[in-house]
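Trainee: I have the model open, and I want to know what stands behind the words used for it. Can we go through them one at a time?

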Amino acid sequence: MLNTNSITKTIENDQLDCENIESIIETTGEADGTTVEAPFWRTEKSKGRNKSKAPGKNGIDLGERGIFDKRNNLNDLTGREWTFFLNSVLIQAYPPTIRDGKSFDLRKIHPSPKPPQLMRDIISFFTKGDQWILDPFVGVGGSLIGGSICETPRHGVGIDLNGVYLDAYQQACVAENLPIESTIQGDSLEVLASNNELLNREFSMIITDPPYADMMKKKKTGQKMKFYGKSDPSPYTDDQRDLGNLEYNDFLIRFRDIMQLAVNRLAVGKYAVVFCKDLQPKPGSPNILHADIINTLSTIPGLVYRGVKIWYDQANDLFPFGYPYAYVMHQMHQYILIFRKET
Ligand SMILES: C[S@@+](CC[C@H](N)C(=O)[O-])C[C@H]1O[C@@H](n2cnc3c(N)ncnc32)[C@H](O)[C@@H]1O
């Protein structure tokens with residue numbers, strides 16, 4: 001049986017909707033003594049609200065979406081939608097396309113574009129409509145497009161070293177009839193320290209997906225080489241300021257410096273979300289990148305690590321790494337690291 005008391009208490013402590021908790025929590029209970037049906041909030045955003053319950057003095061009934069609490073100053077979600085997002089594991093094969101796919105040919109020049117709909121779902125939790133997001137490693141604009149396709153669009157500024165990616169983002173917006181958000185070509189370290197548009201703006205969210213250490217520089221071998229048909233490494237750029245060209249420890253230091261500048265532009269109480277994958281462990285180097293990023297960014301004054309969401313990307317293919325000799329990790333998930341600017 002689910003302990004609703006402890007959940008209510010946690011929510012009370014965080015000053016969230018506690019009046020409507022009964023309408024959020026509905027256990028399905030044990031079916032036959034051996035199996036328990038998954039509660040609906042693990043698998044669906046909403047089953048429609050329990051019509052027998054009144055919305056409460058702070059609640060606004062949004063019909064099938066559930067009840068919106070007027071005190072919610074983080075996002076535009078109902079209690080049910082909020083609860084659905086809290087699952088620490090996200091199992092979804094998001095399409096790489098925006099809507100019907102017509103602009104993907106433009107964006108696929110990038111080796112690792114983020115699915116816009118994934119970005120939309122994360123941005124929808126951490127911001128309200130019309131608020132501003134910042135992405136210091138924007139590539140072909142997964143985050144900016146994600147903001148634009150939110151139910152109430154968000155605005156954004158994205159920075160990338162590579163102008164070709166920024167052009168592709170803009171062309172994709174034209175093709176999809178989306179607004180073109182601000183982009184700035186350059187090294188985020190320099191841009192964040194000197195660009196007036198950025199220095200005069202406060203953001204409600206940072207969402208970013210940095211290139212990690214010198215991973216992209218490595219030659220492809222084995223199954224990956226067969227798949228891509230070439231062994232050439234594929235760095236994003238040859239630029240020495242490209243984080244994808246740095247050794248592990250240098251990467252961590254430079255990434256922290258860039259995030260420090262970005263966090264200076266973030267409003268207090270708002271969130272910074274960082275995507276990453278671990279690197280292959282080696283003797284003497286466990287390469288637990290997500291833990292190293294958490295520890296490194298936690299040295300930024302006022303920034304506090306608040307938890308992780310794991311995205312199991314079901315669109316990925318499996319390769320028989322190591323076969324038939326040894327175990328080699330095939331990482332099918334990405335870490336979505338969540339930090340909050342508390343002071
Ligand atoms: C993993 S990709 C981001 C992809 C992006 N999320 C998307 O949806 O297209 C990382 C990006 O960081 C950029 N980059 C690397 N070092 C940079 C730096 N110092 N300043 C700005 N951009 C940088 C690369 O050019 C690359 O496009």
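Mentor: What follows goes from the whole chain to single residues. Keep in mind that this is a predicted model.

Trainee: What makes up the chain, in helices and strands?

Mentor: There are 13 helices and 10 strands. Of the 343 residues, 34% count as buried. Among contacts between residues at least 6 apart in sequence, 64% join residues at least 24 apart.

Trainee: Why is Lys 114 called buried?

Mentor: Count the C-beta atoms. Lys 114 has 26 others within 10 Å. The cut-off for buried is 20 or more. Lys 114 therefore counts as buried. Its place is the loop between helix 5 (104-107) and helix 6.

Trainee: What does Lys 114 touch, beyond residues up to four places away in sequence?

Mentor: Met 119, Gly 142, Ser 143 and Asp 209. Thr 97 is 17 residues from Lys 114 in sequence, and their C-alpha atoms are 9.5 Å apart.

Trainee: Which residues come nearest to the ligand?

Mentor: Lys 114, Phe 137, Gly 139, Gly 142 and Asp 209, out of 26 residues around the ligand. The shell divides into 11 nonpolar, nine polar and six charged residues.

Trainee: And what makes Thr 299 exposed or buried?

Mentor: Thr 299 has 9 other C-beta atoms within 10 Å. Exposed means 12 or fewer. Thr 299 is therefore exposed. It sits in the loop between helix 13 (289-297) and strand 9 (303-312). Gln 260 lies 39 residues away from Thr 299 in sequence, with 9.3 Å between the C-alpha atoms.

Trainee: How do you know that helix 6 is mostly covered?

Mentor: Nine of the 11 residues in helix 6 (residues 116-126) are buried. Among them are Pro 116, Leu 118, Arg 120, Ile 122 and Phe 126.

Trainee: What do the buried residues of helix 6 pack against?

Mentor: Their partners are helix 4 (79-85), helix 7 (142-148), strand 4 (132-135), strand 7 (203-208), strand 8 (266-276) and strand 10 (333-341).

Trainee: Why is strand 7 described as largely enclosed?

Mentor: Because six of its six residues are buried.

Trainee: How do you know which strands pair with strand 7?

Mentor: Count bridges. Pairing needs at least two. Strand 4 and strand 7 are joined by two bridges and run parallel. Those two bridges therefore meet the cut-off. Five bridges join strand 7 to strand 8, also in parallel. Leu 134 stands opposite Ile 206 in strand 7, and Ile 207 stands opposite Val 273 in strand 8.

Trainee: Which residues have the most contacts inside the largest nonpolar core?

Mentor: Ile 122, Ile 206, Ala 272 and Val 273, in a core of 60 residues. Nonpolar side chains tend to be buried together in soluble globular proteins. Leaving aside neighbours within four places in sequence, Ile 206 is in contact with Leu 134, Ala 262, Leu 266, Ala 272 and Val 273.

Trainee: How are strand 5 and strand 6 joined?

Mentor: By four bridges, between residues 155-160 and residues 182-185, in parallel. Ile 159 has Ile 184 in strand 6 as its bridge partner. The chain gets from strand 5 to strand 6 through helix 8 (residues 163-176), and this β-α-β crossover is right-handed.

Trainee: What makes the backbone at Asp 130 worth a mention?

Mentor: Its phi is near 75°, a positive value in a residue other than glycine. Most residues other than glycine have a negative phi. Asp 130 lies in the loop between helix 6 and strand 4. It has 11 C-beta neighbours inside 10 Å, so it counts as exposed.

Trainee: Why is Asn 287 called partly exposed?

Mentor: Asn 287 has 17 other C-beta atoms within 10 Å.

Trainee: What makes the bond between Tyr 323 and Pro 324 a cis peptide bond?

Mentor: Look at omega, which is about 0°. Most peptide bonds are trans. Pro 324 is in the loop between strand 9 and strand 10.

Methods: Residues are numbered from 1 along each chain as its sequence is written. This is a predicted model: local features need pLDDT of at least 70, side-chain atom pairs count only at pLDDT 80 or more; totals for chains, interfaces and linings use all residues. A crossover is right-handed if, with the strands pointing away from the viewer, the path from the first strand over the helix to the second runs clockwise. A residue is near a molecule or strand if its C-beta atom, placed from the backbone, lies within 6 Å of it. Ala, Val, Leu, Ile, Met, Phe, Trp, Tyr, Cys and Pro count as nonpolar, Asp, Glu, Lys and Arg as charged, and the others, Gly among them, as polar. A nonpolar core is a set of buried Ala, Val, Leu, Ile, Met, Phe, Trp, Tyr and Cys residues joined through C-beta atoms within 7 Å. Two residues are in contact if their C-beta atoms, placed from the backbone, lie within 7 Å.
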